[in-house]
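Subject: Structure handover

Dear colleague,

Please find below the structure I promised to pass on to you. My notes on what was found in it follow directly after.

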Amino acid sequence: MKERVLLAESAGFCMGVSLALGKLDQAIKNKINQNIFTYGPIIHNPQVLEYYSNKGVRIIDDCLKPRSGDMVIIRAHGVPLLVEEQLRKRNIEILDATCPKVKKAQLLIQKNSYLSDCLLIYGEQDHPEVKGLLSYAGCPAYLFENTKEFRELTLMPTGRYCLVSQTTQDRQEFLSIARELKKKLEKDIIILDTICDATKDRQSETIEIAGKVECMFVVGGRNSGNTRRLYQVARKYCPSCLHIETRDEIDPEKVAGCSKVGLTAGASTPNETIQSIHQYLMQIMSRKSPSA
Ligand code: SF4
């Protein structure tokens, strides 16, 4: 029987998430009478956050909350410079779990924005990573979420611009915006391709699978930027696409009516969740004969 549930090999935890959770696990293991906080959610997945909440890890968004001797872990998608400075002034232990790819984007912005008149950031307005990236800009910055918003910006043809992206944005859209920007401006622009490899790989594989199936499931937290982007990318190639967090959201009748379904997951989705949904889809599909 041909495979009828196409599961993306890239689905699940990326390097940055694994590193951050590894640091948190180690901190929990080593703690002795110490409160552990994360500044913002360590990653964007409700099941993972519940697991750590049951282990006593608390999420804060206030630098004054921890007391002397407590530990604060900086989330995978980083914090604004000012927050980090305020935390470092306190008598607390700080563990930086910022993903190396986000850290690299922050430092690239810091370096290149000083050579530019204006920074253009392709990212989500309210995303914590974007707030962090903006804090590293040494020049005025414009933020836009999509091509439409980019086209609405008033740009000076002779200005020196630097284009950068949130690490989890749509790569195809970023490249097309970069091409458009080059045509609009007279001076050379600095293009910082800061979309991480994990995002690139997941998006390419999602596009490949979405083009072959009748229905596609994208699994991950609804507040996860990279999962939302995967969903948006998949929907362009497979209109019958759903963003789900758990298998309870799957309608078996809808799946049973398909000859092939696709499954992918964001970079913060645990393997157990992906496997459980994969098994469930296989069960539903096996109830239907391949020739039906
Ligand atoms: S999605 Fe990319 S930037 Fe975000 S944690 Fe994973 S590797 Fe890092």
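Two residues are in contact if their C-beta atoms, placed from the backbone, lie within 7 Å. This is a predicted model, in which local features need pLDDT of at least 70 and side-chain atom pairs count only at pLDDT 80 or more, while totals for chains, interfaces and linings use all residues. Residues are numbered from 1 along each chain as its sequence is written.

Among contacts in the protein between residues at least 6 apart in sequence, those joining residues at least 24 apart account for 75%. The secondary structure comprises eleven helices and twelve strands (DSSP runs numbered from the N terminus, with H or I over at least four residues for helices and E over at least two for strands). The C-alpha trace spans about 65 × 60 × 25 Å along its principal axes.

Around the ligand there are 15 residues, of which Cys14, Gly16, Cys99, Thr167 and Cys196 come nearest (a residue is near a molecule if its C-beta atom, placed from the backbone, lies within 6 Å of it). Two or more residues of this shell come from each of helix 1 (15-30), helix 4 (100-113) and helix 8 (197-210), and helix 1 gives the most, with three residues.

Finally, Glu214 is found in the loop between helix 8 and strand 10 (215-219), and, leaving aside neighbours within four places in sequence, Glu214 is in contact with Ser240, Cys258, Ser259, Lys260 and Val261. Glu214 and Ile244 are 30 residues apart in sequence, and their C-alpha atoms are 17 Å apart in space.

Best regards
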